[in-house]
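This briefing is meant for a reader who is meeting the structure for the first time.

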Amino acid sequence: MGKSRDLSEFERGAIVGARNAGCSLSQTAKLLGCSRTAVSRVYREWWHKQKTSSDRGASGRKRLVDEDGEKRLERMVEANSDATIEEIHAMYNSSGVEKPISLRTARRTLKRLGYSRSNRVTAAGMEALAEEASGPEQLDTSSDLHFRVTSCPWLRRL
């Protein structure tokens, strides 16, 4: 059996209100469209602790890069738009953060912020592509050019 969704604060309050108004477990469950077990647990928690909030949202591992770190990382990317991920990672770790992060964490954080590999190339990158194409094997398809361009290390905002 799969894990069901969390009840909203409104639904939890409605369960407590319905039970206090005299509705049975089955009537309350049918009224709100949830299980009898959920009704029982929410009401029992409210009866003993006088609270109805779910603690599930606070579970799990804390992120290594908090909101301030994300803002710092985003400012670094915006200020150094031609920097590689390795350079941004080094700048972030040398900026006086409490916990340095790995290159992998930097990549994940940037991806979560909406940055990805760029489809644009600087003038130097275009010259390098032109030199490669001027040899005996020239670029003949746009898919080959697309592959070469998307493999560049520059980042862009989606």
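**Buried residues, cores and helix packing**

In this predicted model, helix H5, which spans residues 85-93, has Ile85, Ile88, His89 and Tyr92 as its buried residues. Because these residues cover an arc of only 100° around the axis, they lie on the same side of H5.

**Nonpolar cores**

- The largest nonpolar core has 14 residues, and those with the most contacts inside it are Leu73, Val77, Ile88, Tyr92, Ile101, Leu110 and Tyr115.
- At least two residues of this core come from each of helix H4 (67-79), H5 and helix H6 (103-112).

**Packing of H5 with H6**

- The axes of H5 and H6 are 10 Å apart and the two helices pack at an angle of about 105°, so they are roughly perpendicular to each other.
- On the H5 side Ile85, Glu86 and His89 take part, and they meet Leu103, Ala106, Arg107 and Leu110 in H6.
- By class, the residues of this contact divide into 4 nonpolar, 1 polar and 2 charged.

**Packing of H2 with H3**

- Helix H2 (residues 25-32) packs against helix H3 (residues 36-49) at an angle of about 110°, with the axes 8 Å apart, which makes H2 roughly perpendicular to H3.
- Leu25, Ser26, Thr28 and Ala29 of H2 make the contact with Arg36, Val39 and Ser40 of H3.
- The contact of H2 with H3 has 3 nonpolar, 3 polar and 1 charged residues.

Conventions. Residues are numbered from 1 along each chain as its sequence is written. This is a predicted model: local features need pLDDT of at least 70, side-chain atom pairs count only at pLDDT 80 or more; totals for chains, interfaces and linings use all residues. Side-chain values use heavy atoms; hydrogens and water are left out. Buried means under 20% relative accessible area, exposed over 50%, partly exposed in between (1.4 Å probe, protein chains only). Helices (H or I, at least four residues) and strands (E, at least two) are DSSP runs, numbered from the N terminus. The arc is that of the directions from the helix axis to the C-beta atoms. A nonpolar core is a set of buried Ala, Val, Leu, Ile, Met, Phe, Trp, Tyr and Cys residues joined through side-chain atoms within 4.5 Å. Axes are lines fitted to C-alpha atoms, for helices over the stretch in contact, and angles run from 0 to 180 degrees between N-to-C directions. Angles under 35 degrees count as roughly parallel, over 145 as roughly antiparallel, 65 to 115 as roughly perpendicular and the rest as oblique. Contact means heavy atoms within 4.5 Å. Ala, Val, Leu, Ile, Met, Phe, Trp, Tyr, Cys and Pro count as nonpolar, Asp, Glu, Lys and Arg as charged, and the others, Gly among them, as polar.
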